[in-house]
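Please read the following briefing alongside the sequence and the 3D view. It goes through the structure topic by topic, in whole sentences.

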Amino acid sequence: MRERTRALLAHRHFQRFIIGLIVLNAATLGMETFPPLVERYGSLLTVIDHLALYIFAAELIAKIYVERAAFPRDPWNIFDTIIVGIAFASTTGGLSVLRALRILRVLRLLSVVPSLRRVVSALLRAMPGMSSIVVLLSLVLYVAAVMATKLYGQTAPDRFGDLPTSLFTLYQTMTGDDWGNIAREVMSRHPTAWIFFTIFILVCTFVVLNLFLAVVVSAMDEESEEERAEERAERAEELAAIEDTTAHTQRILDELAALRAEVAHLRETLPDGVRERSEPQPRRSRRAKAGRN
C-alpha cells in the first residue's frame with residue numbers, strides 16, 4: 001500500500017494535477033477580489049477554494065504516510081506544511097489579514113515545479129555571497145549619504161537635509177526613480193553635482209547590482225552542475241547494473257558451453273556399447289507401440 005501511494009505521488013500525471021489545482025485555486029482567489037463575480041459565483045468559488053485546500057491536506061497526509069521519519073528532513077515538506085497550515089488558519093479566522101493569507105497557497109508551485117525549485121535552491125545557495133555584496137552596497141550608500149548631506153544639505157533640505165533623508169534619496173536614485181529631477185534640483189545651485197550623481201549611479205547600479213546577478217547566476221550554474229552530476233551518476237549506476245547482468249549471463253552461457261564440451265568428451269571416451277546405451281533414444285508414439293504389439 002505504501003509503495004502504491006509513493007508511486008501515485010511521484011507520477012507525472014498526479015504532479016500535473018496538483019499544479020493545475022494550484023493555478024485554479026490562485027485564479028479563484030483572484031476572482032474573489034471582484035465584487036460582481038463574488039455576488040454571482042461566490043458559493044462556487046468557496047467550494048473550489050475548500051476543495052483545493054482539502055486535496056492539498058490529503059496530499060500532505062499521504063506524504064507523511066509514505067515518508068514517515070524522513071518527511072521532516074526535506075525542507076520542501078516543511079514549506080508545504082507551513083503553507084497548508086496557514087491556509088487552514090485563514091479559513092477558520094474571520095480577520096481580513098488571515099483571509100488575505102490564503103493566496104500563499106500559490107507559493108506551493110515553488111515546491112511542485114522542479115524548475116522553480118532549482119531557482120529557489122540557487123537563491124538560497126547564493127545568500128552567503130549576496131550578504132557580502134549587501135555590506136558593500138550599504139557602505140557605499142552610507143559614505144555617499146554623508147557626503148551628500150554635507151555638500152547639498154542646505155541647497156536641497158527636502159532631499160539631503162539629514163542623514164536618513166539622504167539615504168532614502170540616494171536609494172531612490174540608485175533604483176532610477178526620478179533621479180534626473182533630483183540631480184537637476186541640486187545642479188541648479190551646484191553645476192558640478194552631476195559628477196557626484198554619475199559616479200554614484202555607476203558604482204551602485206552598474207557595478208554592485210550586477211554583482212548580485214553574477215552571484216545568483218553562478219549559484220544557478222553550480223546547482224545545475226550538481227543536478228547533471230547526479231544524473232550522470234544515476235546513468236552510470238544503471239549502466240553498471242546492465243553490464244553486471246550481461247556479464248553474469250555471459251558467464252552462465254560459457255559454463256553451459258564448457259559443460260556441453262565435457263559431456264561430449266565423456267561420450268567419446270566411452271566404449272561403443274556403453275555409448276549407444278548412454279545416447280538418448282528417440283521416443284516412440286503410442287500408436288507405433290500398439291502396431292508393434
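Thr 169 lies in helix α9, where helices (H or I, at least four residues) and strands (E, at least two) are DSSP runs numbered from the N terminus. At 3% relative accessibility, Thr 169 counts as buried; buried means under 20% relative accessible area, exposed over 50%, and partly exposed in between, with a 1.4 Å probe and protein chains only. This is a predicted model, in which local features need pLDDT of at least 70 and side-chain atom pairs count only at pLDDT 80 or more, while totals for chains, interfaces and linings use all residues. Residues are numbered from 1 along each chain as its sequence is written, and side-chain values use heavy atoms, with hydrogens and water left out.

**Around Thr 169**

- Leaving aside its neighbours within four places in sequence, Thr 169 is in contact with Arg 159, Phe 160 and Ile 182, contact meaning heavy atoms within 4.5 Å.
- Thr 169 and Trp 179 are 10 residues apart in sequence, and their C-alpha atoms lie 8.6 Å apart in space.

**The whole chain**

- The secondary structure of the protein chain comes to 13 helices and 0 strands.
- Of the 293 residues of the protein chain, 24% count as buried.
- Among the contacts in the protein chain with a separation of 6 or more, 61% are accounted for by residues 24 or more positions apart.
- The protein chain exposes about 20200 Å², of which carbon and sulfur atoms supply 64%; accessible areas come from the Shrake-Rupley method with a 1.4 Å probe, and for residues only the protein chains shown count as cover.

**Confidence**

- The protein chain averages a pLDDT of 80, and 87% of the residues score at least 70, pLDDT being the predictor's confidence in each residue, from 0 to 100.
- Confidence in the protein chain is highest in α9, at 91, and lowest in helix α13 (residues 286–292), at a mean of 52.
- Where pLDDT is low, the predicted coordinates should not be read in detail.

**Nonpolar cores**

- Of the 27 residues in the largest nonpolar core, Phe 160, Leu 170, Phe 197 and Phe 200 touch the most other members; a nonpolar core is a set of buried Ala, Val, Leu, Ile, Met, Phe, Trp, Tyr and Cys residues joined through side-chain atoms within 4.5 Å.
- At least two residues of this core are supplied by each of α7 (114–152), α9 (163–174), α10 (179–187) and α11 (193–269).
- Apart from this core lies another, of 18 residues, which includes Leu 9, Ile 22, Phe 56 and Val 113.
- Phe 200, leaving aside its neighbours within four places in sequence, is in contact with Leu 141, Ala 144, Leu 170, Thr 173, Met 174 and Thr 205.

**Helix α7**

- The buried residues of α7 include Ala 122, Met 130, Leu 137, Leu 141, Ala 144 and Tyr 152.
- These buried residues of α7 pack against α8 (157–160), α9, α10 and α11.
- A kink of about 50 degrees lies at Met 127 in α7, shortly before the proline Pro 128, the bend at a residue being the angle between axes fitted to the seven residues ending there and the seven starting there.

**Regions listed in UniProt**

- Under "transmembrane region", an unreviewed UniProt entry lists residues 14–31, 78–101, 122–145 and 194–219; UniProt positions are given in the numbering used here, feature names are shortened, and annotations may be inferred rather than shown by experiment.
- The span of residues 122–145 is 100% helix and 0% strand, with its end C-alpha atoms 33 Å apart.
- The span of residues 194–219 is 100% helix and 0% strand, with its end C-alpha atoms 36 Å apart.

**Residues with positive phi**

- Arg 68 lies in the loop between α3 (35–67) and α4 (75–92), and its phi is near 55 degrees, a positive value in a residue other than glycine.
- Arg 68 is exposed, with a relative accessible area of 53%.
- Asp 178 has its place in the loop between α9 and α10, with a phi near 60 degrees, again a positive value in a residue other than glycine.
- Asp 178 is partly exposed, with a relative accessible area of 32%.

- Arg 184 is found in helix α10 and is exposed, with a relative accessible area of 57%.
- Arg 16 lies in helix α2 (residues 12–31) and is exposed, with a relative accessible area of 55%.
- Arg 16 and Val 113 are 97 residues apart in sequence and 9.1 Å apart in space, C-alpha to C-alpha.
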